[in-house]
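These are my notes on the model you sent. Please read them with the structure open beside you.

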Amino acid sequence: MTTHYLDPSREAPYHRKDFTLIANHHYTPNVLAVRSDSPWKNLNEFVEAAKQKPMSIRIGDPGLLSVPHFLVLMLEKASGTKFTSVHFGGSAPAITALLGSHLDALAGGTVDALQHKNVGTFRVLGIAVDAVDKSMP
């Protein structure tokens, strides 16, 4: 609802100015995670690999124009490289695709990566917050 208007092809009948924020009912920082067996140990290695072969790294997200998708777009802009975004109909299928080695990385919320980080199946390369997040130090 909050981002459809950014894609002109969706012809949304509303725009951001049509809404008034009255509450934030849920907040979860976004993360970029890879499988623990991934060759990338940190975000710098991940970005450098993408610069060597633009569009070769596949990052799954919970949907086109979702907040995690914007995380990927912002990382592209900041790093000067391009990734291949794979949009799913939610976080669960994106997580399953990463676990099954159909993706190279996951852009999602801390809630999507935390349990996998804790049991050692995911490595979190970065978290989009200004301060330390206690769940992902």
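1. Basis. This is a predicted model, in which local features need pLDDT of at least 70, side-chain atom pairs count only at pLDDT 80 or more, and totals for chains, interfaces and linings use all residues. Residues are numbered from 1 along each chain as its sequence is written, and side-chain values use heavy atoms, with hydrogens and water left out.

2. Fold. The protein has 4 helices and 5 strands. Helices (H or I, at least four residues) and strands (E, at least two) are DSSP runs, numbered from the N terminus. Along the sequence they follow the pattern β-α-β-α-β-α-β-α-β.

3. Overall dimensions. The C-alpha trace spans about 45 × 35 × 25 Å along its principal axes. The radius of gyration, taken over C-alpha atoms, is compared with a globule rule of 2.2 Å times the number of residues to the power 0.38. For 137 residues, a compact globule would have a value near 14 Å, and the 15 Å of the protein agrees with this.

4. Surface and contacts. The accessible surface comes to about 8300 Å², and 58% of it belongs to carbon and sulfur atoms. Areas come from the Shrake-Rupley method with a 1.4 Å probe; for residues, only the protein chains shown count as cover. A residue is buried under 20% relative accessible area, exposed over 50%, and partly exposed in between. Of the 137 residues, 41% count as buried. A contact means heavy atoms within 4.5 Å. Among contacts with a separation of 6 or more, 69% are between residues 24 or more positions apart.

5. The largest core. A nonpolar core is a set of buried Ala, Val, Leu, Ile, Met, Phe, Trp, Tyr and Cys residues joined through side-chain atoms within 4.5 Å. Which members of the largest core touch the most other members? They are Phe 46, Ile 57, Ile 59 and Phe 83, out of 15 residues. Two or more residues of this core come from each of β1 (30–35), α1 (43–52), α2 (67–79) and β4 (105–109). In soluble globular proteins, nonpolar side chains tend to be buried together.

6. Ile 59 and the second core. Leaving aside residues up to four places away in sequence, Ile 59 touches residues including Leu 32, Phe 46, Val 72, Phe 83, Leu 103 and Leu 106. There is also a second, separate core of 11 residues, among them Ala 33, Ala 94, Ile 95 and Met 136.

7. Helix α1. Phe 46, Val 47 and Ala 50 are buried in this helix. Seen down the axis of α1, its buried residues fall within an arc of 95 degrees, so they line one face of the helix. The arc is that of the directions from the helix axis to the C-beta atoms. The buried residues of α1 pack against β1, β2, α2, β4 and β5 (122–127). On the face turned away from the buried side are the exposed residues Asn 44 and Gln 52.

8. Salt bridges. A salt bridge is a side-chain nitrogen of Lys or Arg within 4 Å of a carboxyl oxygen of Asp or Glu, and the count comes to 5. One of them joins Glu 48 and Lys 51 at 3.8 Å, N to O. These two residues are 3 residues apart in helix α1, and therefore separated by about one helical turn. Glu 48 is partly exposed at 34% relative accessibility, and Lys 51 is partly exposed at 38%.

9. Two further pairs. Lys 82 forms a salt bridge with Glu 76, with the closest N and O atoms 3.8 Å apart. Lys 17 is exposed at 69%, and Asp 18 is partly exposed at 46%.

10. Positive phi. Most residues other than glycine have a negative phi, and most peptide bonds are trans. Met 55 has a positive phi, near 70 degrees. Met 55 sits in the loop between α1 and β2 (58–61) and is partly exposed at 46%. Ser 101 also has a positive phi, near 65 degrees. Ser 101 lies in the loop between α3 (91–99) and β4, and is partly exposed at 42%.

Terms used
Buried means under 20% relative accessible area, exposed over 50%, partly exposed in between (1.4 Å probe, protein chains only).
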